Amino acid sequence: MSAGRRDERRPAQLNLVDVMVTIGAVTARGLLGRRRTILIGLFAAAPVLLGLLIRLGGTRPGALSPSLEGLIVSSVLPLVALVFGTAALGSELDDGTAVHILTKPIPRWAIVVPKLAVAGSLTALLVFPATILTGLLIGGTGARQIGLTFAFAIAVLIGSFVYGAIFVALSAATSRGLVIGLAYSLLWEGLLSGALKGTQLFSVREYVKGMASTLAPQGSVTSVVGSFGFLLALIAIVVVSLIAAMRLSRYEIRAAE
Amino acid sequence: MAALPAEGADGAGGDVGARVADGAADAVRRAPAGPSMPIAQLAVVDPSQPIVLDRVSRWYGNVVAVNDISFSLGAGITGLLGPNGAGKSTLLHLLAGLLRPSAGRVLIGGRPAWREPSIYREIGLVPEREAVHAFLTGRAFVELAARLQGLADPVAAAARTIATVDMAGAADRAVGTYSKGMRQRIKIAAALVHEPPILLLDEPFNGMDPRQRLHMMDLLRSMATRGRTILFSSHILEEVERLADGILVIYAGRLAAAGDFREIRRLMTDRPHTFRVRSSDDRRLASAFMAEPAVFGSELRDERLTVRVSEFSGFTRIVARVARDAGVRLFEVAPTDDSLESVFEYLVTRRAGGRR
């Protein structure tokens, strides 16, 4: 073994930032190369098309806030995040490619963090412009309407990372991340948190509304949590990421021997 | 009780990689029927070896995948032989820290493998599943492994390892376009890129053509001579025979035999056998066999003659002579239970106290 060779393979001090960038890049390439991504892009475009149709029809509904809540916050946002969040980690665990990442001398949280970041970023990349376009088409270009649209867009941007974290954690914890994630978004976020007052502290939809209400012109969005939405969203991201890292560090291969 | 095929049972077994402590062998031998049997002795393994399994079991619910296995491995190539579903992959996953042992200890370089990512500096794992990020080129895939290992020059390290597995020509194609054998080789390159002292390979020769197989065997051999500890699983006897210094036979989650290959080969061929014989006069042949000490019994039923013998080679030596002396022409002599499965089963029950 030559001296040069030793040097080239020297177990360098592991640079975790480099490692996370590397994992993030591979994750992003994997997600963008899937056919599902195109479908989910079309799905995110649906509210925009709806806004366009409303525009072309000539009517302009007065209530922008409920439209954005219904079209974006409680449907497009969680479902886009579900697809990216479960695919970022879950599909790699399912098809076995994750083994090549897991069997490396890196702490498991350094695998989880780039997965969360990529899932959240890709979700935001689709949902943020969709929110702005939908808002402008439905609400028009009045100062108040633009303020409301951007308030929702920023809230949705942060919400993308909360949902992304939740779905990455779900797929680290269970092999049925997609199904459980779907049930969670429909039952918990969709039905319960709307009906039961006490559950709103644990509803991402409520956090997004809270953040939007803080940023929007006075009185245009009603929210229970209000500006606490920011804090709660941050706490949710941190807690859920920790859970994801813990679950991944105890990850057992789902062997079919 | 028959001699154990463990270390030292054969005079030429000095360089054997697999080493089963006498205590471990005893434990296996004394636990015939099920996990409920008391195990009289604690297994003793050499904890200074790079790979140590100390009375390791792994179960899924009620299903026992790995059952109280102890061994330690040092430098050299060890073959993990067993039929599909015997627990080979489970064992390798336990060693690679991808499964938590339900009982016992798995040590890699003296450290517990479970929840200890630092062992991956010392381990290269080649999983059985083909899955590789299909959109990456072979080179990008190996460089990814090099980066995640924190190598100083991942590009150069990857190029060198790719050349080692003879994949330089195809390295810039997407992995998705590779054949099975090519995927296998690029996975091996990725596992080797940090030159780990321990290499674990799950069915590494699956899908390789004969030339690739020979090349890979040469490569593994040369790595073993440089002091690496290599453990590979296979369900193919010939692969293990050609490559391995030592052998671990696993069947139904138990360590059925361990040690030198020739010893195990002898055990496999010298076990009781049953043959089906067709001849010009089965009845006369049957009574002629009865006079032979190597034959336990012969039975003629539905015009089919089956002969039970004490050992394979003894019978094959006498069968022609017996037929000639009796004036009977032989049409066919075929062993009836020569599946690898029955061989493994025999080894397990034999170690369980000769219940057959």
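Author: Two strands pair if DSSP finds at least two bridges between them. The model is predicted. With that rule, look at chain B. E13(B) and strand E14 (residues 304–309) of chain B are joined by six bridges and run antiparallel. One bridge links B:Leu300 to B:Leu305, its partner in E14(B).

Now widen the view. The open sheet has four strands, in the order E13-E14-E12-E15 (chain B), and the pairing is antiparallel. Its edge strands are E13 (295–301) and E15 (330–335) of chain B, each pairing on one side only. From one strand to the next, the twist averages 20 degrees.

Helices come next. Helix H9 (residues 282–290) of chain B packs on the sheet and touches strand E12 (273–279), E13, E14 and E15 of chain B. The direction of H9 makes about 160 degrees with that of E13(B). Helix H10 (residues 312–326) of chain B lies across E12, E13, E14 and E15 of chain B. H10 runs at about 170 degrees to E15(B).

Then the interface. Here 37 residues of chain A are in contact with 45 residues of chain B. The buried area is about 3,800 Å², and carbon and sulfur atoms give 58% of it. The count of salt bridges between the chains is one. A:Glu252 forms it with B:Arg58, with the closest N and O atoms 2.4 Å apart. Nine residue pairs are in polar contact across the interface. On the side of chain A that touches chain B, H2(A) gives the largest share, six residues. That side divides into 15 nonpolar, seven polar and 15 charged residues.

Conventions: Residues numbered from 1 in each chain as written. Chains lettered and ligands numbered in written order. Predicted model: local features only at pLDDT ≥ 70, side-chain atom pairs only at ≥ 80, totals over all residues. Heavy atoms only, no water. Contact = heavy atoms within 4.5 Å. Buried area = accessible area lost by both parts, 1.4 Å probe. Salt bridge = Lys/Arg side-chain N within 4 Å of Asp/Glu carboxyl O. Polar contact = N/O pair within 3.5 Å; in protein donor to acceptor, adjacent residues only side chain to side chain. Helix = DSSP H or I, 4+ residues; strand = E, 2+ residues; numbered from the N terminus. Nonpolar A, V, L, I, M, F, W, Y, C, P; charged D, E, K, R; others polar. Axes fitted to C-alpha atoms, helices over the stretch in contact; angles between N-to-C directions.
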